[in-house]
4 protein chains.
Amino acid sequence: MAATEQDPTGGPGLAELDRMKAFSDGVFAIVITLLVLELRVPSYEPGGLLPALLHEGSAYLAFVVSFVYVGVLWLNHHALLRLLRGTTPALNWINLAILFGVVIIPFPTAVLAAAFTEHGDRYDRQVAVGLYALSAALMSLPWLVVFGYLRRRPEVRAVGIDHAYVRAQTRRPVTGLILYGLAGLLGWLVDPVVGLIAIMVMIAYHAVTSEGIRRRRRPPARGPS
Amino acid sequence: MAATEQDPTGGPGLAELDRMKAFSDGVFAIVITLLVLELRVPSYEPGGLLPALLHEGSAYLAFVVSFVYVGVLWLNHHALLRLLRGTTPALNWINLAILFGVVIIPFPTAVLAAAFTEHGDRYDRQVAVGLYALSAALMSLPWLVVFGYLRRRPEVRAVGIDHAYVRAQTRRPVTGLILYGLAGLLGWLVDPVVGLIAIMVMIAYHAVTSEGIRRRRRPPARGPS
Amino acid sequence: MAATEQDPTGGPGLAELDRMKAFSDGVFAIVITLLVLELRVPSYEPGGLLPALLHEGSAYLAFVVSFVYVGVLWLNHHALLRLLRGTTPALNWINLAILFGVVIIPFPTAVLAAAFTEHGDRYDRQVAVGLYALSAALMSLPWLVVFGYLRRRPEVRAVGIDHAYVRAQTRRPVTGLILYGLAGLLGWLVDPVVGLIAIMVMIAYHAVTSEGIRRRRRPPARGPS
Amino acid sequence: MAATEQDPTGGPGLAELDRMKAFSDGVFAIVITLLVLELRVPSYEPGGLLPALLHEGSAYLAFVVSFVYVGVLWLNHHALLRLLRGTTPALNWINLAILFGVVIIPFPTAVLAAAFTEHGDRYDRQVAVGLYALSAALMSLPWLVVFGYLRRRPEVRAVGIDHAYVRAQTRRPVTGLILYGLAGLLGWLVDPVVGLIAIMVMIAYHAVTSEGIRRRRRPPARGPS
């Protein structure tokens, strides 16, 4: 944090990692908070507040799903940065690509919600599910890149993170890429609702694995106070 | 803060707690600042600025109340994180649930303000007070969960925080759950204005207890400089 | 920053001050960035972009003034937090009141800009200058309170900050309170434009004193590298 | 970070630099995230989602370009702050001027996108390219100032940063100032599209040099774990 921890002529290091964390946390905090801007007080005639609120139900559901999704992405990003000892210019760029995926997530979610509630016919829903699957694929790509980079560059890995551990992590974006693609195909060829359910299953998968990978490790295990 | 403080294979620890703080502070800072977006320059005919501003009075009052409420929640969150030595995946999820309650607070506040000023009749005001009480209950739940978790997991508690202290903290969300529920019932069965006053009393209660719990402790008590 | 730096049962301390800084910096960063939302691409007929941009000139000037003002407030807040060793519940509340003044600043600025460009007559401009002076008074009050608090509580002052130094700082909010009041009266009784100029002089005064107080101190004075 | 690291009577130092970093990162995080507010779900008739999305294509391209540009500016700012040992009042003001350039970047980008897609004729595009070149010149100026300041003030430079290194950095804003100016002239005198391409080349130049300067240094080069 202090300037003396930096290695200004020798490339980025720990202090750089702190700034990457601060910047990333800022982006996550803003994205998860901006979602609330979509929650608007409905206009209504006197006596009509309750039905007006219920009519907006799908917008509220989309808000909750988006909030959970950004939360899951934050937990995954958290777990990623714990693997790093420092950062490099390449990692800064990969991180920007990861944040790009985070920043756009409200958009395909909103398109999906709109297509399934008011505007869309069956073809629109296929397009919306396809757009969502495409966005999810774009979001998985930089995660693939970052784990590949960590496999080739042991010097940026944190103490105790070995090659096998990093390779195990690679399974998640690969699973994401394949299954989001399948969800998109299912939504297009079979039924948009099937694709939608497959996408929700994928969000739950990423939530569970961000937990699951940690659970297999030993707990902090310090004595009771 | 530095990578060497982390325990990357042994689960989250202090560095993780720093990121949780940074993310939470970001969310609080954004929510409290986004409130100002509701303050708009009123449109007016030449010479009509003063009455136009006065007509918006209730929106300005709602802004002040929301600002104080988010500030109170920040102080309570502050006091919560001081109880922790580190964080765990479960605590990360509970914290996301707490932040969910923070992020939505402008919405029921806006519904309430609208129902009591321009749009609503008595039934709408009952609905608005009910929605607010429901939101407050949702907000109290993760606080109940977190204190229960801290009672069962002494290893995540900060040094000097014992079981009795944590149990004493549990009283606040329990009080909140019961009294916000009563405020909702009062607003529905007796009079919406009574419910509204009860809600404002609850906000004041949370403001006073976030202070009061600290006041009972000894002051920093370092010598004068 | 680490949990071990905290004094969880003995009241807030250094770690608390870090969170207050992080929260305040977040609020300042968001306010200064949200200002850009007022810069909109004007609508125009083909060939009409340049006059359309020029017509928005006063909105761009208001943006620049607001940016400088929030920047000045950030520098003043910076200088304030350097006086503190730790924080207390009372200081947390005073800081929230200071941030309240920061968060609302875009609103009276926008009212002023609107009254002086399109909507207003002379009476509206008097109201707008009066609103601005009232807001500035509200903003000066918590600064008065915080310096009074620091005079009475030497144990929260940073090392090397004595009573006389804190008292000298008190002069700025007192000057602000009196001169912003005078600016409001001048704007109301003499001419709104005179009040407006007096307000801009006050912003410049706060910019210069946030610098000036530092300049009187010795420079970092480490050897050349 | 802790109060003891500060030198409260002797001018700003390391802790001050941390707050400048936190504030700057907050501004960058908010600007890069606010860009997504321009991505709106298009309105469409049933069955018309795909063409409606494709019609918005240029807005999506402008979003991607703006995201990359802000990311590039963040990396450049990153590299700048690594040159500093501490901060001074003058550096705080220069940093505010740099952030001013960052905060306004979405505006000329949006004017440019609008002029090249729907609203504009050839004259409007000349104006838009000119506005963009002018903004870029304004953005380069504080970078020129900051490197000049660092040349004259060795005591604020981080360990290992010498006069020659700082002077080498000056080349980038000078190049930016000249070439953005040329891009504006090309866009005005020859063809707006030529100016637009020249601007995109400049963004790529700043992206490559923020990397390139780092690549010439030795890698972290710690042993494999």
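The model I examined is predicted.

**Entry 1: chain C**

I looked up how helix 4 (residues 89-104) of chain C lies against helix 6 (residues 122-152) of chain C. Their axes come within 9 Å and cross at roughly 160°. Angles over 145 degrees count as roughly antiparallel, and helix 4 of chain C and helix 6 of chain C are therefore roughly antiparallel to each other. I noted the crossing of these two helices of chain C as left-handed.

I then listed the contact residues. Helix 4 of chain C contributes C:Ala90, C:Leu91, C:Ile94, C:Ala97, C:Ile98, C:Gly101 and C:Ile104. From helix 6 of chain C come C:Ser135, C:Leu138, C:Met139, C:Pro142, C:Trp143, C:Val145, C:Val146 and C:Tyr149. Sorted by class, the residues of this contact are 13 nonpolar, 2 polar and no charged.

**Entry 2: chain D**

I next turned to helix 4 (residues 89-104) and helix 6 (residues 122-152) of chain D, whose axes come within 9 Å and cross at roughly 160°. Helix 4 of chain D is therefore roughly antiparallel to helix 6 of chain D. I recorded a left-handed crossing for this pair in chain D.

How values were computed:
Residues are numbered from 1 along each chain as its sequence is written. Chains are lettered from A and ligands numbered from 1 in the order in which they are written. This is a predicted model: local features need pLDDT of at least 70, side-chain atom pairs count only at pLDDT 80 or more; totals for chains, interfaces and linings use all residues. Axes are lines fitted to C-alpha atoms, for helices over the stretch in contact, and angles run from 0 to 180 degrees between N-to-C directions. Helices (H or I, at least four residues) and strands (E, at least two) are DSSP runs, numbered from the N terminus. Angles under 35 degrees count as roughly parallel, over 145 as roughly antiparallel, 65 to 115 as roughly perpendicular and the rest as oblique. A crossing is left-handed if the near helix is turned anticlockwise from the far one by less than a right angle, and right-handed if clockwise. Two residues are in contact if their C-beta atoms, placed from the backbone, lie within 7 Å. Ala, Val, Leu, Ile, Met, Phe, Trp, Tyr, Cys and Pro count as nonpolar, Asp, Glu, Lys and Arg as charged, and the others, Gly among them, as polar.
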